[in-house]
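Look at the sequence and structure below before reading on.

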Amino acid sequence: MQKYDLVVIGGGPAGMAAALRAKECGVKKIIILERAATLGGILEQCIHAGFGLHYFGEELTGPEYAYRFIEQVEKTDIEVKVDTMVLEIRTGNIVVATNAVDGMLEISATAIILAMGCRERPRGALDIPGSRASGIMTAGTAQKYVNIDGYMPGKKIVILGSGDIGLIMARRMTLEGAKVEMVCELMPFSGGLQRNIVQCLEDMGIPLKLSCTVIQTHGIERLEGVTIANVDANRRPIPGTEQYVECDTLLLSVGLIPENELTRMAGILIDPVTNGAVVDENRQTNRPGIFACGNVLQVHDLVDYVTAESQIAGEGAAAYIKKKPRGRNHYVSVKGKDGVRYVVPQNINENTDKDVKLYFRVADVFRNARIIVESDGKVLYNKKKPKLAPGEMEYVIIKAEDIRALEKKELVVRLEVQQ
Amino acid sequence: MKREMICVSCPIGCALSVELDDSGKVLSVSGNTCKRGEKYAIDECTNPVRMLTSTIKVNGGALPVVPVKTSKPIPKGKMFDCMAAINNEVVDAPIKMGDILISNVCDTGVDIVATNEI
């Protein structure tokens with residue numbers, strides 16, 4: 001069996017940033033295992049600009065953002081195995097993987113970083129009545145067809161869901177000559193970034209239909225059209241509002257799901273809201289030495305935040321590998337309520353020596369709401385924000401000394417909404 | 001003339017209202033909550049620009065297309081002209097990151113550059 005200090009599962013932005021930071025922190029033997037043929041992950045097909053504004057202070061395309069990290073990885077002695085699928089994490093932190101060259105691999109690791117990313121919610125999760133005609137696919141699948149494989153999957157397009165990938169693909173397909181009829185969004189607001197609504201839909205003259213969904217697809221061999229309908233406050237289609245829209249392609253941009261099969265198999269606790277692991281401030285899971293970061297932990301809006309989170313995990317793994325003294329973990333638990341859907345990390349070591357950024361998402365669009373962080377009635381943070389939206393991840397920073405001084409080992413992040 | 005728009009300078013997304021005279025000159029901007037909103041509104045009304053990204057066909061590469069971008073933002077109204085120029089172009093592998101694949105596209109003074117290796 002091969003032995004490594006650190007095995008990183010996934011070679012996208014999360015895996016690369018985590019491995020690089022661990023290397024900077026002095027970890028010797030590191031290997032990245034990547035399922036695809038190259039490093040870079042989903043960034044390779046995200047050819048649009050807008051990446052890196054926070055992290056590099058300049059606007060890069062996805063492949064450019066990835067390239068900066070690929071170059072750095074190549075300059076180190078971090079090993080990389082591509083076309084390699086991890087099958088299982090056994091007890092004792094043994095990673096079982098397979099590829100065409102090595103056959104089966106068993107790697108014993110001191111620490112493991114989970115950086116498998118997320119995947120799109122598929123059609124099957126939506127239960128839209130209709131046959132399995134061709135022309136129905138996720139927006140990310142269409143993105144791969146156009147940007148990597150170099151062909152257009154259709155000419156007349158309807159997009160269901162206003163997630164960022166759907167918005168980006170609305171513009172991309174229009175620029176390549178397709179007619180994007182509309183983007184339908186079930187919710188009364190878009191889950192995408194405002195910039196994408198303006199530059200992908202308004203620029204291209206594509207209508208965004210809010211509180212509207214696809215209730216039926218038509219066509220047997222190839223998609224011929226869809227029936228759309230408005231929905232009520234309970235997201236139920238309103239009878240009488242049905243409308244037939246002719247199209248040959250339906251793109252779905254209806255959410256992302258962290259890819260946590262390995263995590264679950266390894267018996268790691270999963271947060272039912274994020275669908276990612278429950279972690280502490282170092283991004284360590286409940287299994288000692290196993291860390292998680294990036295979209296496998298929580299779905300991010302910006303890759304810049306993925307990089308920042310993965311560096312935390314890389315540092316955490318490095319500290320674990322060096323066995324820095326830290327007896328049993330005694331945690332402060334962190335919870336969201338009153339409009340705060342979740343908070344990451346879910347636990348903080350009660351004697352942490354670092355300030356902790358609490359990342360969270362809200363459940364609805366709020367204007368002039370106060371973000372309050374408190375413990376047993378004692379307020380640690382209280383600030384008004386002009387706007388909060390589910391599509392924009394928020395964070396607040398809590399000082400290490402404030403965390404160490406907590407009497408009740410519990411932090412609550414909540415909103416106070418003005419009436 | 002009046003134009004309504006949403007500012008994208010930050011996530012707040014202020015609803016801006018811009019008053020223009022007949023020549024297109026901006027007379028006033030309202031609805032913004034910071035200076036950046038005013039600048040955004042004036043830029044959008046007088047000289048809106050966008051980064052354009054697409055792909056160009058490649059001969060002899062591991063993949064059939066290479067992703068590209070404009071080296072600088074181009075006038076919004078020229079996006080489809082530039083797309084036509086991009087779609088007429090075929091390049092040969094190998095291509096390096098940052099290679100200029102079309103110079104001065106559509107007389108914009110802006111180049112089309114590769115954003116990946118093929």
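In chain B, Ser17(B) stands opposite Ser30(B) in β3(B). The model is predicted: local features need pLDDT of at least 70 and side-chain atom pairs pLDDT 80 or more, while totals for chains, interfaces and linings use all residues. Residues are numbered from 1 along each chain as written, with chains lettered from A and ligands numbered from 1 in written order.

**Sheet in chain B**
- Strand β2 (residues 15–20) of chain B is joined to β3(B) by four bridges, and the two run antiparallel; strands are DSSP runs of E with at least two residues, helices runs of H or I with at least four, both numbered from the N terminus.
- The open sheet has three strands in the order β1-β2-β3 (chain B), with antiparallel pairing; two strands pair if DSSP finds at least two bridges between them.
- β1 (2–6) and β3 (26–30) of chain B are at the edges with a single partner strand each, so one side of each has no neighbour in the sheet.

**Contact between chains**
- 23 residues of chain B are in contact with 21 residues of chain A (C-beta atoms, placed from the backbone, within 7 Å).
- β5(B) gives the largest share of the side of chain B that touches chain A, four residues.

**Helices in chain A**
- The axes of α4 (residues 164–175) and α5 (residues 194–202) of chain A come within 8 Å and cross at roughly 30 degrees; axes are lines fitted to C-alpha atoms, for helices over the stretch in contact, and angles run from 0 to 180 degrees between N-to-C directions.
- α4(A) and α5(A) are therefore roughly parallel to each other (angles under 35 degrees).

Terms used:
Angles under 35 degrees count as roughly parallel, over 145 as roughly antiparallel, 65 to 115 as roughly perpendicular and the rest as oblique. Two residues are in contact if their C-beta atoms, placed from the backbone, lie within 7 Å.
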